[in-house]
Amino acid sequence: MNMDEKMSRLIFYFTGTGNCLYVARQLANDNTELLSIPQLMKQKELNFETDEIGLVYPIYGHMPPYMVRQFLKKAKLKADYTFAILTFGARKCNAVEILDGITRKADYRFSYISTLKMVDNWLPNFDMNEQVKMDKHIPENLAVIKNDINSQKHWIQSVSQEERDQHAGFMAYTGLDPEVGFLKRSEKYFVVTDHCIGCGVCTDVCPRGNYSLTSNGVKTDGDCEFCFACIQNCPQKAIKFAKVDDDPLLANGEKNPEARYRNEHISLVDIKRANGINISK
């Protein structure tokens, strides 16, 4: 390749509240295409070959969203340089090693894997009004990551034994399947209240298309990524967590039912375009 030519870069992303879409945009250059994983999963064949390939996703319980796992198993990715950025809000634990293990099983590895601490949108434990006030040094840390990627640095973030032990404790506490992670049933965990005005936002932001407008109001049903795109983006705050006594993660409801979050650089339309089943960019 001529040194004057810019290398082509593909960045695949999964987003519920805009954090990862924001990161993907920040890592894009003039020769980058951003591709939404929920949109891509509608396709039968996923074969990509280019100069650089990137992956940006949020960790849920230190693990990839189930749809990201499916994508990594289904897609054939070929590039001279590959990178992955995993966003988190409180603890990353061994998320890097988990991704590395998944890709090894698929007979490839990322050249660079790093994590980025951002607003934690896990509503059962965190108050969104308090989270947005915290300075997590996102611009500074993102600048380091961007410089690493642009220089094609080969590096995989290290994981401590303490972090491995923390994840093991979390898995024992939650009873989650390590090969699946979070994959719940939306009808069990979410309820639509009388505050719903039928605007249809939830039907467009859910990456699995679990919400539908019916003659009896909005209904939800199906396997759920637990990305919280529905509950966080509802303009009326009409979606609430159901009381699920047999799940330790949700036995106590949520920290602040009146506080919701979407990345301040990302619009509702952006989320719809990323996740909408009947919407494409």
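1. Asp-107 counts as exposed, because its relative accessibility is 72% and the threshold for that class is over 50%. The model is a predicted one, and in it Asp-107 has a positive phi of about 70° although the residue is not a glycine. Asp-107 belongs to the loop that runs between helix H4 (95–105) and strand E5 (112–117).

2. Phe-228 likewise is not a glycine and has a positive phi of about 70°, but its surroundings need separate mention. With a relative accessible area of 2%, Phe-228 is buried, since that class takes residues under 20%. Phe-228 is found in the loop between strand E11 (223–224) and helix H10 (229–233).

3. Strand E9 (residues 211–214) and strand E10 (residues 217–220) run antiparallel and are joined by four bridges. The two strands form a hairpin, with two residues lying between them, and within this pairing Tyr-211 stands opposite Thr-220 of E10.

4. The largest pocket has a volume of about 680 Å³, and its lining is made up of 36 residues, among which Ile-59, Gly-61, Asp-120, Trp-122 and Phe-126 lie nearest the centre of the pocket. Helix H1 (19–26), strand E4 (76–88) and helix H7 (161–174) are the elements that give two or more residues to this lining.

Terms used. Residues numbered from 1 in each chain as written. Predicted model: local features only at pLDDT ≥ 70, side-chain atom pairs only at ≥ 80, totals over all residues. Heavy atoms only, no water. 1 Å grid on protein atoms, 1.4 Å probe; cavity = no way out; pocket = protein on both sides within 12 Å on 5 of 7 lines; lining within 4 Å. Points joined across faces, edges and corners; volume = space filled by probe spheres on them. Pairing = 2+ DSSP bridges. Buried < 20%, exposed > 50% of the residue type's maximum accessible area, 1.4 Å probe, protein only.
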